[in-house]
Amino acid sequence: MNIKAKNSAGHIIETVAKVIFILCAATAVFAVCSITVYMFAKGTPALKQVGVPELLFGTSWMPTAKEPSFGILYIILSSIVGTTASIFIGVPVGLLTAVFLTEVSSKHLAGVVQPAVELLAAIPSVIYGLIGMMLLTPAMYKLEKLIFAGSETHQFTGGSNMLSAIIVLAIMILPTVVNVSASAIRAVPKDLKAASLALGASHIQTIFKVTVPAARSGIMTGVVLGIGRAIGEAMAINMVAGGSVNIPLPFNSVRLLTTQLVSEMSYAEGLHRQVLFTVGLVLFIFIMIINLVLMKVRKGAELSE
């Protein structure tokens with residue numbers, strides 16, 4: 001009787017746990033579907049009024065003019081260039097830092113550097129923006145004046161430009177890439193390293209020919225998370241990018257998709273507000289495409305292992 005009671009209680013617990021898990025999964029799916037439906041419902045009306053070619057391929061953004069124009073091509077390009085450049089800077093630096101912490105440095109040094117890297121992840125984005133304004137933009141302005149000295153066509157930005165935004169983004173993704181990559185590298189079986197060394201490979205050869213490839217799937221996860229933070233960042237970039245709609249050159253003041261929403265949503269109304277929802281829809285689709293591509297790449301890395 002006692003055994004039957006225990007089995008019955010265990011069955012009830014398992015049933016309740018199963019229901020809870022299903023509800024949690026359904027909530028997550030419902031949230032994603034709701035956000036998708038809402039973004040398309042709010043973002044598509046402006047496409048009909050403004051027109052897809054003018055909105056996506058227009059280069060003039062003057063929403064409050066007598067004859068308003070809503071071209072976001074430069075804004076889209078600025079987001080693509082800023083995110084791509086920050087990834088090309090941040091990912092190699094983050095990966096090499098992870099390799100240093102796990103394979104090269106002493107335990108004492110790693111014990112000092114690792115908490116410092118983790119602390120970077122806890123710093124609010126507005127602090128990155130503030131430090132960028134106080135330290136980075138003055139240095140960029142000096143460099144800008146040096147490069148464009150005597151130029152009559154360059155519009156000086158005071159250091160708030162695309163290059164400053166790229167550097168801040170690259171620094172902000174470092175903690176994510178470093179921490180996830182370091183965990184992936186530590187998870188590589190020691191037998192693989194020992195076998196490589198036993199075959200005559202050097203320590204550095206073992207790291208880059210055996211350890212890093214074996215941790216490729218985990219490293220790709222860190223890259224995906226880093227890209228997600230780079231694409232979605234708004235506050236820090238709004239403080240160092242300048243905020244003007246320009247072609248995304250290093251010393252041009254620019255505006256990204258996220259900063260476009262932050263800058264104008266508070267006072268926008270009418271068609272202007274609808275277009276900003278369309279900008280949000282473009283950002284949403286942009287993120288979805290990148291995530292799908294990276295998921296394919298990650299699955300390919302897992303299959304190759």
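Which residues in α3 meet which residues in α9? In this predicted model, Thr83, Ser86, Ile87, Val91 and Leu95 are the α3 residues, and they meet Ile219, Val223, Gly226, Ile227, Ala230 and Ile231 in α9. Let's start from this contact and then look at other parts of the structure.

## How α3 packs against α9

Two packed helices are described by the angle between their axes and the distance between the axes. Helix α9 covers residues 216-232, and α3 packs with α9 at an angle of about 140°, with the axes 10 Å apart. The two helices are therefore oblique to each other. When you turn the model, look for a right-handed crossing where α3 passes α9.

What kinds of residues make up the contact of α3 with α9? By class, there are 8 nonpolar and 3 polar residues, with no charged residues.

## How α3 meets α8

Helix α3 runs over residues 73-104, and α8 over residues 203-214. The axes of α3 and α8 come within 12 Å and cross at roughly 115°. Here, too, α3 passes its partner, α8, in a right-handed crossing.

On the α3 side, the contact is made by Leu96, Val99, Glu103 and Val104. On the α8 side you will find His203, Ile207, Phe208, Thr211 and Val212. Sorted by class, the residues of this contact of α3 with α8 are 6 nonpolar, 2 polar and 1 charged.

## How α4 meets α6

Now find helix α4 at residues 107-122 and helix α6 at residues 162-186. Their axes come within 8 Å and cross at roughly 135°, and the two helices are therefore oblique to each other. This time the crossing is left-handed as α4 passes α6.

From α4, the contact uses Gln114, Val117, Glu118, Leu120 and Ala121. From α6, Pro175, Val178, Asn179 and Arg186 take part. The classes in the contact of α4 with α6 are 5 nonpolar, 2 polar and 2 charged.

## Two residues of helix α1

Helix α1 spans residues 2-50, and Thr15 has its place there. Is Thr15 buried or partly exposed? Thr15 counts as partly exposed because its relative accessibility is 38%. Thr15 and Ile287 are 272 residues apart in sequence, and their C-alpha atoms are 37 Å apart in space.

Ala46 is also found in helix α1. With a relative accessibility of 0%, Ala46 counts as buried. Ala46 and Arg273 are 227 residues apart in sequence, with 9.0 Å in space from C-alpha to C-alpha. Leaving aside residues up to four places away in sequence, Ala46 touches Gly51, Gln274, Val275 and Thr278.

## A buried residue in a loop

Where is Asn252 found? Asn252 lies in the loop between α10 (235-240) and α11 (257-264). Its relative accessibility is 17%, so Asn252 counts as buried.

Which residues does Asn252 touch, not counting those up to four places away in sequence? They are His154, Thr157, Asn161, Met162, Asn246 and Ile247.

## Looking for disulfides

A disulfide is a covalent bond between the sulfur atoms of two cysteines. How many disulfides does the count come to? The count comes to 0 disulfides. Cys24 is in no disulfide, and its nearest cysteine sulfur, that of Cys33, is 16 Å away.

Definitions and conventions:
Residues numbered from 1 in each chain as written. Predicted model: local features only at pLDDT ≥ 70, side-chain atom pairs only at ≥ 80, totals over all residues. Heavy atoms only, no water. Axes fitted to C-alpha atoms, helices over the stretch in contact; angles between N-to-C directions. Helix = DSSP H or I, 4+ residues; strand = E, 2+ residues; numbered from the N terminus. Parallel < 35°, antiparallel > 145°, perpendicular 65-115°, else oblique. Left-handed = near helix turned anticlockwise from the far one by under 90°. Contact = heavy atoms within 4.5 Å. Nonpolar A, V, L, I, M, F, W, Y, C, P; charged D, E, K, R; others polar. Disulfide = S-S within 2.5 Å. Buried < 20%, exposed > 50% of the residue type's maximum accessible area, 1.4 Å probe, protein only.
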